[in-house]
Amino acid sequence: MKNIPDYKRIYTDLVNEKYPEKKEDFKIILSKKNFSVLDVIQCNSILDDREDKSTFNFNQKHRSFDQQSILEILDYQKKHNWNNSQLAQHFKLSRNTIAKWKKKFV
């Protein structure tokens, strides 16, 4: 079985120790029972103002998505009636990545 990081615990500890002033921003996200990759992306966007450009670029290169997350992102696209460019810009992904996902999963 695959080891999946406990993102909820990671972000709870991170907020409590380093960003206690942002506890209110994380209240709804961290109260969820199931923590998805989309929640991780949302947490990162809340903390985004603290990152410099080189850190952001490094983190972007090392992102990975499981099938469930990809399907959630594609459902998000359908729900909002967005094209690939709009979805890619929102989630800070490549349009080509979105197109490959659609070919593979839709």
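The model is predicted; local features require pLDDT of at least 70 and side-chain atom pairs count only at pLDDT 80 or more, whereas totals for chains, interfaces and linings use all residues. Residues are numbered from 1 along each chain as its sequence is written, and side-chain values use heavy atoms, with hydrogens and water left out.

**Stop 1: the nonpolar cores**

Select Ile 41, Phe 65, Ile 73, Phe 91, Leu 93, Ile 98 and Trp 101. Within the largest nonpolar core, which has 13 residues, these touch the most other members. Helix H3 (37-47), helix H5 (67-80), helix H6 (84-91) and helix H7 (95-105) are the elements that give two or more residues to this core. Another core, of eleven residues, lies apart from it and includes Phe 26, Val 40, Cys 43 and Leu 47.

A nonpolar core here is a set of buried Ala, Val, Leu, Ile, Met, Phe, Trp, Tyr and Cys residues joined through side-chain atoms within 4.5 Å. Buried means under 20% relative accessible area, exposed means over 50%, and partly exposed lies in between (1.4 Å probe, protein chains only). Helices are DSSP runs of H or I with at least four residues, numbered from the N terminus. In soluble globular proteins, nonpolar side chains tend to be buried together.

**Stop 2: Trp 101 and its partner ring**

Select Trp 101 next. Which residues does Trp 101 touch, not counting residues up to four places away in sequence? They are Phe 65, Ile 70, Ile 73, Leu 74, Leu 93 and Val 106, where contact means heavy atoms within 4.5 Å. Trp 101 counts as buried, at 11% relative accessibility.

The structure holds four aromatic pairs. Rings of Phe, Tyr and Trp (its six-membered ring) pair if their centres lie within 6.5 Å; planes under 30 degrees apart count as stacked, over 60 as edge-to-face and the rest as tilted. Phe 65 and Trp 101 form an edge-to-face pair, at 5.3 Å centre to centre and 75° between the planes. Phe 65 lies in the loop between helix H4 (53-61) and H5, and Trp 101 in helix H7, so the pair ties together parts that are 36 residues apart in sequence.

**Stop 3: a ring cluster**

Select Tyr 76, Trp 82 and Phe 91, which ring pairs link into a cluster. Tyr 76 and Phe 91 pair edge-to-face, at 5.3 Å centre to centre and 75° between the planes. This pair joins helix H5, which holds Tyr 76, to helix H6, which holds Phe 91, across 15 residues. Tyr 76 is partly exposed at 23%, whereas Phe 91 is buried at 7%.

**Stop 4: the salt bridge**

Select Lys 32 and Asp 39. A search of the whole structure finds one salt bridge, defined as a side-chain nitrogen of Lys or Arg within 4 Å of a carboxyl oxygen of Asp or Glu. The side chains of Asp 39 and Lys 32 form this bridge, 2.8 Å from N to O. Asp 39 is buried, with a relative accessible area of 5%, while Lys 32 is partly exposed at 33%.

**Stop 5: Glu 72**

Glu 72, in helix H5, is partly exposed at 24% relative accessibility. Glu 72 touches Ser 36 and Leu 38, not counting residues up to four places away in sequence. The C-alpha atoms of Glu 72 and Leu 38 are 7.9 Å apart, although the residues are 34 apart in sequence.
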